[in-house]
Amino acid sequence: MLAYTLRRIAQLVPVVLVLTVAVFAFVEALPGSIVDTLIGTEGGDVEEARAILTKEYGLDRPVYERYALWLVRTLQFDFGNSLVTRRPISTELLSRIPATVYLAVVGIVLSIVIAVPLGTLAAVRRNSAVDYTAQVISLAGISIPEFWFAILCVLLFSLYLGWLPSSGYVSPLEDFWGSLQFLILPAAAIGFRQAAFTTRLTRSSMLDELSKEYVDTARAMGLPERRVIFRYTLRNAMIPTITISGLQFANLLGGTVVLESIFAWPGIGRAIFEAILQRDYPLIQAGVLVLGVIVVVMNLLVDLTYRLLNPRVKLA
Amino acid sequence: MTDEAVKKGPEHTRRSFLTATTALAGAAAFGLPATGPAMADARKRSPKRGGTLRFGTRDDSVGLDTHRNIIYFVSHPLTGITGGLVDFDDKMEPKPAIAESWDASADLKTWTFKLKRGAEFHNGETIDAQSVKWNIERIKDPKISHAFTRSVVSGVERVTVDDKYTVRFHLKEPDVALDINLIYYPVNLMAPGAADKADTEPVNCGPFKFKSWRRLDRCELVRFENFYETDAEGNSLPYLDGLIGLPKKEDRVRLTALRTGELDLIDNVAYADAPAFKKDHGKTFETWPVPQVGTAMMFFNLKNGLLSDKDNPDAYLLRQAIAHAIDREGIHQAVFNGIGSIANGFYSTASPWHPKDIEPSSKFDPDKAKALRKKAKGGDERLTIIANDTFPYMHQSGELVHAMLKDAGFNVVLEILPSPVMLDKQTKGDFNIDSTANSYRLDPDGWFGRNILSGAPENRRRIGYKNEKADQIIVAARQERDRAKRRQMYADVETLVNRDLPMLYTHYVPLMMAGNRARVKGYTPSFSGPWSYAGAGMRRTWIDG
């Protein structure tokens with residue numbers, strides 16, 4: 001297991017290197033320039049200002065030189081300063097990532113808490129009222145756009161009932177209970193949709209596992225049904241669920257821009273989106289790279305989890 | 001007095017222990033800003049004082065250095081920290097701020113400003129002539145300042161210090177409007193001693209002090225106890241203990257947060273929501289329609305392409321055809337929901353600079369538009385409209401104009417683009433029509449001198465309009481002290497613009513603000529929407545309850 005883990009980590013190095021090239025190339029390919037954005041218009045000395053800023057930001061150097069410089073700095077965890085706010089990018093990212101991770105973790109946990117019992121129950125009681133209800137709920141979750149569900153939640157729980165704030169963010173480190181008030185609606189909006197996918201996946205995986213011979217054998221040996229389901233079947237059925245949830249989590253870290261706008265949630269997705277609009281190259285590069293590395297690491301963790309769930313899975 | 005204020009009890013600054021002077025009391029009785037060495041002497045606490053206002057804004061500053069970045073005074077919470085030599089009132093007329101008086105030489109090339117004694121930056125540094133000189137030189141430095149801010153003082157050749165409280169501006173050319181251009185937006189003053197922290201902990205001289213900022217999330221400001229301005233009773237301003245800016249980009253997110261009580265005040269109520277909101281919730285929430293100096297328009301590219309007289313002998317015919325094809329009443333109804341009014345010039349009727357006698361631009365006449373298009377060379381060739389994706393009314397107007405031109409038989413495409421791409425296309429002349437808007441030119445020279453004058457950088461970059469007569473009038477207007485004459489001069493330029501069609505004014509851009517009636521007391525936005533201005537606005541707002 002240790003050798004396998006180390007080997008997998010070593011394999012990540014070229015993946016991350018390719019990622020850095022892709023990130024840098026993507027930013028280079030963006031039309032428009034940070035310099036034009038910063039100097040604005042109407043100045044009588046625009047050309048002079050452009051030359052000054054281009055030199056200050058090193059944009060007059062060849063692309064390969066800038067890439068090499070950026071890579072060396074990045075390897076030292078020095079992302080430089082934002083070209084727009086002029087503050088360290090590490091500060092900008094660190095002020096955003098916790099909010100995003102907080103939302104994504106709670107959203108995913110919520111989805112698993114809903115989906116696994118519901119999917120399992122639907123499979124075990126196939127074609128029953130429970131099964132049909134679970135399928136209708138999950139179909140609704142998949143069909144209703146996340147942003148629309150979020151707006152409905154705001155209307156009901158904030159505007160009409162007045163139970164929860166409609167938008168904003170409070171850090172759990174500053175005020176844990178206060179932060180939960182702001183978290184519930186966005187996390188529910190994420191959790192409901194993700195739970196819809198995961199419920200269907202868990203149900204189909206469970207049905208697949210329940211039809212296998214080892215389940216019949218376990219039942220023939222007189223094992224209690226609860227043990228057959230939860231000890232043996234569910235454990236095997238969780239492998240695809242864990243895979244999808246892991247990838248969903250990684251996706252949520254950068255993919256909740258719309259929800260972040262609806263709930264005015266200061267997440268990393270919105271920060272990168274704004275950086276793209278303003279062509280804040282180092283912030284885009286650092287943000288996308290960090291998210292990319294998280295996705296890669298999440299994939300690794302998902303793979304390692306297989307083994308924990310089912311020791312028969314071979315680690316090649 | 002609020003409960004919070006009651007709990008705190010009387011609060012004194014070191015200055016409040018000083019004795020008030022008779023002169024100051026006289027000034028205060030008339031509601032004038034306190035001036036001179038005893039400026040802060042009569043500071044006392046208003047019974048209205050207190051509370052922290054939660055302000056939901058559409059936008060946020062991109063950075064904290066108030067010279068390097070534009071601090072937009074309608075929608076940036078950070079505006080509260082900025083102050084300058086000159087302030088303005090609710091009519092957008094210049095008022096004393098750090099400068100208590102000023103005058104210009106006979107040739108309008110030298111302006112002398114007398115500074116208030118005792119005025120301070122937020123860190124306690126004295127605001128003197130040397131610090132003003134340092135600020136103007138910093139703003140003029142292309143390595144540091146934003147071009148918009150720099151352009152306002154581009155006519156300043158040098159600044160000299162006469163004595164500790166007298167500063168002199170020497171101009172390259174005569175300029176009757178230098179004082180208005182030195183209003184805190186954008187020419188604000190920051191503490192020279194804190195310049196190295198301008199990007200992290202800005203120290204300025206506005207009514208509020210900086211406390212913290214997380215971009216597009218939260219901006220916290222606290223009252224500057226030694227702010228120079230007082231109310232009519234001599235109470236120190238601002239009344240508020242603090243201000244929390246909570247940028248929420250989506251208009252309906254802000255409106256919902258106001259209705260749920262999470263915000264006290266919001267800017268930019270969406271046009272589509274404003275009438276129903278006022279009707280359904282008018283008892284709970286105040287809505288302020290703000291008189292505007294902002295104007296939406298279609299710029300035509302005269303530098304190159306189909307609408308340029310250089311490249312197409314029938315370009316003027318095509319521009320006329322386009323003007324006749326555009327139904328501005330349709331834009332008024334569909335984009336602005338019937339709010340505001342159709343524009344024929346840059347300055348709206350609410351502005352003291354609204355021109356009285358101008359020749360309006362072409363009327364909506366689709367048949368004439370079709371006939372002119374057919375007659376003109378290049379009438380079947382493809383036209384490109386570009387529009388910025390940031391402001392909804394710009395791209396919505398672009399969409400409508402696109403449809404109207406299609407109806408008139410034009411072969412036209414619309415591109416809705418982010419700002420960096422827009423800038424690139426404008427500079428390269430890679431468009432024919434630009435759906436845009438312009439605002440906050442407090443003095444007409446700010447608009448005509450920077451956008452219509454043929455030598456103006458923005459005109460050269462983006463439009464390419466040249467009319468020698470217009471140029472002569474604009475330059476002459478810079479030296480005209482008589483206001484009525486000056487207004488007529490700009491009206492004459494407007495007539496030329498409406499005739500030549502380098503652009504088509506479409507609509508005055510209205511702005512709606514809304515606040516909680518029960519909590520927000522004493523607030524009124526200024527002309528064109530700034531929330532910090534002399535004598536009122538956020539400086540005289542307090543929170544009840």
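Modeller: Here a residue is buried at under 20% relative accessible area, exposed at over 50% and partly exposed in between (1.4 Å probe, protein chains only). Residues are numbered from 1 along each chain as its sequence is written, while chains are lettered from A and ligands numbered from 1 in the order of writing. The model is predicted, with local features needing pLDDT of at least 70, side-chain atom pairs counting only at pLDDT 80 or more, and totals for chains, interfaces and linings using all residues; side-chain values use heavy atoms, without hydrogens and water.

Colleague: How many salt bridges does a search of the whole structure find over all chains?

Modeller: Side chains of opposite charge can pair when their charged atoms come close. The rule asks for a side-chain nitrogen of Lys or Arg within 4 Å of a carboxyl oxygen of Asp or Glu. Over all chains, the search gives a total of 44.

Colleague: How many residues apart in sequence are the parts that A:Asp303 and A:Arg8 tie together?

Modeller: These two side chains form a salt bridge with an N to O distance of 2.5 Å. Helices (H or I, at least four residues) and strands (E, at least two) are DSSP runs, numbered from the N terminus. A:Asp303 is in helix H13 (residues 281–309) of chain A and A:Arg8 in helix H1 (residues 2–29) of chain A, so the sequence separation of the tied parts is 295 residues.

Colleague: Which helix of chain A holds A:Arg50, the partner of A:Asp36?

Modeller: A:Asp36 and A:Arg50 form a salt bridge, their closest N and O atoms being 2.8 Å apart. A:Asp36 is buried at 11% relative accessible area, and A:Arg50 is partly exposed at 21%. A:Asp36 lies in helix H2 of chain A, 14 residues away in sequence, and A:Arg50 lies in helix H3.

Colleague: How many residues apart in sequence are the parts tied by B:Asp264 and B:Arg54?

Modeller: The closest N and O atoms of this salt bridge are 2.8 Å apart. B:Asp264 lies in the loop between helix H6 (251–259) and strand E11 (265–266) of chain B and B:Arg54 in strand E1 of chain B, so the tied parts have a sequence separation of 210 residues.

Colleague: How many aromatic pairs does the structure hold over all chains?

Modeller: Rings of Phe, Tyr and Trp (its six-membered ring) pair if their centres lie within 6.5 Å; planes under 30 degrees apart count as stacked, over 60 as edge-to-face and the rest as tilted. Over all chains, the number of such pairs is 29.

Colleague: Is the pair of B:Phe55 and B:Trp531 stacked or edge-to-face?

Modeller: B:Phe55 lies in strand E1 (residues 52–57) of chain B and B:Trp531 in the loop between strands E19 (520–521) and E20 (532–533), so the pair ties parts 476 residues apart in sequence. B:Phe55 is buried at 0% relative accessible area, and B:Trp531 is buried, also at 0%. The ring centres are 5.6 Å apart and the planes stand at 80°, so the pair is edge-to-face.

Colleague: What is the distance between the ring centre of B:Phe410 and B:Arg373?

Modeller: A charge sits over a ring if NZ of Lys or CZ of Arg is within 6 Å of the ring centre and within 35 degrees of the ring normal. B:Lys116 has its charged end over the ring of B:Tyr228, 4.7 Å from the centre. B:Arg373 lies over the face of B:Phe410, and its distance from the ring centre is 6.0 Å.

Colleague: Which residue of chain B forms a salt bridge with A:Arg86?

Modeller: Chain A gives 40 residues and chain B 38 residues to the contact (heavy atoms within 4.5 Å). Across this interface the rule finds two salt bridges. In one with closest N and O atoms 3.6 Å apart, the partner of A:Arg86 is B:Asp199.
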